[in-house]
Amino acid sequence: MTAKTKLLGAVAGLALAVGAMPAAVAAEGEITVAYFLEWPMPFEYAKQKGTYDEALGVKVNWVSFESGVKMSAAMASGDVHLSVSQGVPPFVVATSAGQDLQILDVAVSYADNDNCVVRSELEIDKDNAGELAGKKVAVPLGTAAHYGFLKQMNHFGVDVASMDVVDMDPPDGAAAIAQGAVDMFCGWGGSLRRALEHGNVLLTGDEKTELGILVFDVTSGPAGWVAENSELVAKFLKVTADANAMWADEANHAEMLPLIAKDAGMDEEATASTIATFKFPTIEEQMSGAWLGGNAQTFMKGVADVFVEAGSIDSALDTYENAVNTGPLAAAGGM
């Protein structure tokens with residue numbers, strides 16, 4: 001099965017599940033939220049402290065996922081109400097397939113924490129990247145890592161069709177490059193750190209950003225459920241924003257870091273190293289034109305067009321403006 005067939009199959013599955021949207025908050029007062037392990041963020045301090053449950057007045061059940069593509073599927077099936085730190089590319093893949101999801105905030109920007117790694121033995125870097133033609137690469141299809149991979153290969157003039165692209169979640173890809181089963185790994189977080197023990201990146205985060213390869217995640221949710229629970233969503237986003245603001249003051253790091261590390265399933269040193277490369281925009285910044293005020297919508301259209309050109313999805317929406325709902329975030333910020 002080709003990489004294109006696998007991703008199109010996943011998209012088709014999402015389209016079939018679109019009708020099964022999450023219901024309103026259950027009578028017993030619970031919601032389910034998706035997140036990533038080994039992806040340390042300030043919200044995890046509030047998660048550990050029980051702040052979300054207290055602020056929302058409902059029990060929040062947290063479920064970890066391996067990729068944003070799987071988050072989309074869980075939201076389509078009704079198993080998950082909100083996803084924290086879903087990558088923009090998997091969000092675009094789902095909405096392009098007809099899934100009625102909405103971006104609710106910018107969770108994190110992380111150009112240095114999502115990248116591709118080439119095995120050291122190949123001695124391939126940005127100066128001879130053309131030698132990647134014909135090589136085997138582990139890529140989680142439909143994710144930010146997949147988008148970055150496509151953009152980098154286009155930049156270096158490498159025909160992706162000449163490569164053996166294998167759909168692998170980052171943990172599996174990291175194991176594969178460690179074993180020498182693949183020549184290149186693309187992924188994020190702890191998996192990226194492990195992959196770097198066996199190779200090198202082609203471009204730094206700053207170099208990728210200069211090429212227009214933005215890397216950021218969002219909090220997302222099904223449009224219907226968000227409309228029915230807008231006040232609850234606003235409270236959720238405010239807890240997240242408050243945790244980000246608390247982390248912005250280094251005086252709070254000593255208190256917050258141990259709980260964030262525990263929740264992320266990491267040691268404190270690795271947590272500090274990872275989170276130091278993250279940026280958490282304030283609500284005011286998120287509402288500006290640089291983010292949800294216009295640029296994010298334009299960026300999503302660009303991501304979709306790249307996937308269409310690569311044959312990864314059949315078509316893009318004419319616009320992704322309806323895929324962003326800033327109402328709850330504005331309410332969270334008292335705007």
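Angles in these views run from 0 to 180 degrees between N-to-C directions, with axes fitted as lines to C-alpha atoms.

View 1. The stretch to treat with care is residues 15–21, where pLDDT stays under 50. The model has 13 contacts beyond four places in sequence for residues 15–21. Where pLDDT is low, the predicted coordinates should not be read in detail.

**View 2. An open five-stranded sheet includes β1, β2 and β3.** The edges are β2 (59–64) and β4 (101–109), each of which pairs on one side only. From one strand to the next, the twist averages 25 degrees. Zoom in on β1 (residues 30–35) and β2: these strands run parallel and are joined by six bridges. A handy landmark here is Ala34, whose bridge partner in β2 is Val63.

**View 3. A second open sheet of five strands includes β8.** Here the order is β7-β6-β8-β5-β9, again with mixed pairing. Strands β7 (164–167) and β9 (199–201) form the edges, and each pairs on one side only. Ignoring direction, neighbouring strands are turned by 25 degrees against each other on average.

**View 4. Strand β8 and its partners β5 and β6 come into focus.** Are the residues of β8 (184–188) buried or exposed? Five of its five residues are buried. Met184, Cys186 and Trp188 point one way from the strand, while Phe185 and Gly187 point the other way. Strand β5 (residues 114–119) runs antiparallel to β8, with five bridges between them. Along this pairing, look for Asp114 opposite Trp188 and for Cys116 opposite Cys186. Strand β6 (residues 136–139) runs parallel to β8 and is joined to it by two bridges. In that pair, Val137 stands opposite Met184.

**View 5. Helices α6 and α7 sit against the sheet that holds β8.** Helix α6 (residues 144–156) lies across β5, β6, β7 and β8, running at about 135 degrees to β8. Helix α7 (residues 170–179) packs on the sheet as well, touching β5, β6 and β8. Its direction makes about 150 degrees with that of β8.

**View 6. Helices α12 and α13 pack against each other.** The axes of α12 (residues 253–264) and α13 (residues 268–275) are 9 Å apart, at an angle of about 100 degrees. This angle makes α12 roughly perpendicular to α13. On the α12 side you will find Leu257, Pro258, Ile260 and Ala261, which meet Glu268, Thr271, Ala272 and Ile275 in α13. By class, this contact has six nonpolar residues, one polar and one charged.

**View 7. Asp263 is a buried residue of helix α12.** Why does Asp263 count as buried? Its relative accessible area is 5%, and buried means under 20%. Beyond its neighbours within four places in sequence, Asp263 is in contact with Tyr35, Leu37, Glu44, Lys47 and Gln48.

Note on methods. Residues are numbered from 1 along each chain as its sequence is written. This is a predicted model: local features need pLDDT of at least 70, side-chain atom pairs count only at pLDDT 80 or more; totals for chains, interfaces and linings use all residues. Side-chain values use heavy atoms; hydrogens and water are left out. pLDDT is the predictor's confidence in each residue, from 0 to 100. Contact means heavy atoms within 4.5 Å. Buried means under 20% relative accessible area, exposed over 50%, partly exposed in between (1.4 Å probe, protein chains only). Helices (H or I, at least four residues) and strands (E, at least two) are DSSP runs, numbered from the N terminus. Two strands pair if DSSP finds at least two bridges between them. Angles under 35 degrees count as roughly parallel, over 145 as roughly antiparallel, 65 to 115 as roughly perpendicular and the rest as oblique. Ala, Val, Leu, Ile, Met, Phe, Trp, Tyr, Cys and Pro count as nonpolar, Asp, Glu, Lys and Arg as charged, and the others, Gly among them, as polar.
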